[in-house]
Amino acid sequence: MSVPVVNAARRLADALLRPNAETVDVKGVPRTYRPPLAGAGLFGVTAPEAYGGSDQPLPVMREIVEILAGADASTWFVWTQHHTPVRTLVRGSNDALRDLWLPKLTGGAALAGVAFTHLRRPGEPAVRATRTDNGWRFDGDLAWLTSWRFADVFLVGAVAGDQIVWALLPLAKLSGVFAEPLELIAMRGTYTVSVHLDEVPATDADVVLIEPLDEWRATDAERTADVSPAVFGVTAECVRRLGDSDAAARLTAELDDVRQRAYGLQDAAGDRAERIAVRAEAHALALRASAALVAAGAGRSMLVANSAQRLAREALFLLVQGQDADVRAAQLNVLSAPAG
Ligand SMILES: Cc1cc2nc3c(=O)[nH]c(=O)nc-3n(C[C@H](O)[C@H](O)[C@H](O)COP(=O)(O)OP(=O)(O)OC[C@H]3O[C@@H](n4cnc5c(N)ncnc54)[C@H](O)[C@@H]3O)c2cc1C
């Protein structure tokens, strides 16, 4: 199947992303990447055509994610964060906000990021929304926020009682927003910070959607059960770089098998525990494939300019990305099992 946006993603990955991935890992995703990503139609893949998007089906999205993540995980991650705000605007109840932002976001004139990990944590909310005269006041801590000073707006979720208030905010321009840089061992190119919010105003006009926290958590738990196609993208990249070898042939066979089972289970809305177990298997495979690439490259794999060490660090990052308590338990189970 030849899909224009997939072909465009592949061309971009081959010509720009892969050749520069080591530099991006150290220096950050360049602003100059925004026009070619937009030109390839990649900012609109999750939005309806009425808003300038191309609303791609799941198999196409998987292929695009595998291509981008394998070529340059930092650029993939910045790009992928953009799509939760896009999707939330689409399903949201604020028509004016949708009409204002979606055309810009799908066309690449504006880029978005998102902060929602804190909503997964049980107990006291990390970020609270308190009602004011004309909207809400956000207070608390966003543990993780990617695309800081790279994206133009951020979708932020805050808890009010048993509801989540989702607001689209130009965080970097607001008072009461304090960003703390993070020293990361992987994904350093993603401009990821933690952020303290102190009486940050979100007017009713900024609110994309208000929805029950337990319903969001239930949907999120289903989503995190499935392995991200990015894990297969990184694994495939390691295998490709291993070249024509027995190791590559064995890893390819395993990759094809795990990928087929993971996507099959997801498509069939299979049992959550089974999907989580396959997710853990896929991560273990990514770790082994990247370690095999490091071993194949010998000492030079330890050089910062070498792709093997970068891919190994990216495989580690993917272990914790979108990880919840059940996923973590399954990962520990698989990773602590004796080899063979
Ligand atoms: C480089 C980088 C960039 C990131 N960028 C973003 C971003 O832009 N936006 C964003 O939203 N997230 C982002 N993340 C967050 C990422 O997805 C999380 O690392 C992941 O979801 C795991 O959450 P955590 O690290 O906060 O772990 P933890 O707080 O340890 O939580 C892990 C899971 O354990 C469970 N848990 C935690 N505490 C308890 C408890 N007391 N009792 C029972 N269960 C508990 C929760 O279900 C939780 O989901 C980023 C992470 C990294 C490393």
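**Figure 1. The chain is divided into domain 1 (4-107), domain 2 (112-212) and domain 3 (226-335).** The bounds of these domains come from an automatic or database domain assignment. The model is a predicted one, in which local features need pLDDT of at least 70 and side-chain atom pairs count only at pLDDT 80 or more, while totals for chains, interfaces and linings use all residues. Residues are numbered from 1 along each chain as its sequence is written. The chain has 12 helices and eight strands, where helices (H or I, at least four residues) and strands (E, at least two) are DSSP runs numbered from the N terminus. Its radius of gyration, taken over C-alpha atoms, is 20 Å, close to the 20 Å that the globule rule (2.2 Å times the number of residues to the power 0.38) gives for 340 residues, so the chain is as compact as a globular protein of that length. Along the principal axes, the C-alpha atoms fill a box of roughly 65 × 40 × 40 Å.

**Figure 2. Domain 1 is in contact with domain 3 through 12 residues of domain 1 and 14 residues of domain 3.** Two residues are in contact if their C-beta atoms, placed from the backbone, lie within 7 Å. On the side of domain 1 that touches domain 3, the elements giving two or more residues are α2 (21-27), α4 (58-71) and α5 (73-91), and the largest share, six residues, comes from α4. By class, this side of domain 1 has seven nonpolar, one polar and four charged residues, where Ala, Val, Leu, Ile, Met, Phe, Trp, Tyr, Cys and Pro count as nonpolar, Asp, Glu, Lys and Arg as charged, and the others, Gly among them, as polar.

**Figure 3. Helix α4 meets α5, and their axes come within 5 Å and cross at roughly 135 degrees.** That angle makes α4 oblique to α5, because angles under 35 degrees count as roughly parallel, over 145 as roughly antiparallel, 65 to 115 as roughly perpendicular and the rest as oblique. Axes are lines fitted to C-alpha atoms, for helices over the stretch in contact, and angles run from 0 to 180 degrees between N-to-C directions. The contact is made by V65, L68 and A69 of α4 together with A73, T75, W76, W79 and T80 of α5.

**Figure 4. The axes of helix α1 (residues 4-17) and α4 come within 9 Å and cross at roughly 0 degrees.** This crossing makes α1 roughly parallel to α4. V5, V6, A9, R10, A13 and L17 of α1 make the contact with V60, E63, I64, I67, L68 and A71 of α4.

**Figure 5. The ligand is surrounded by 25 residues, the closest being T117, R120, W144, T146 and A325.** Domain 2 and domain 3 each supply at least three residues to the shell.

Methods. A residue is near a molecule or strand if its C-beta atom, placed from the backbone, lies within 6 Å of it.
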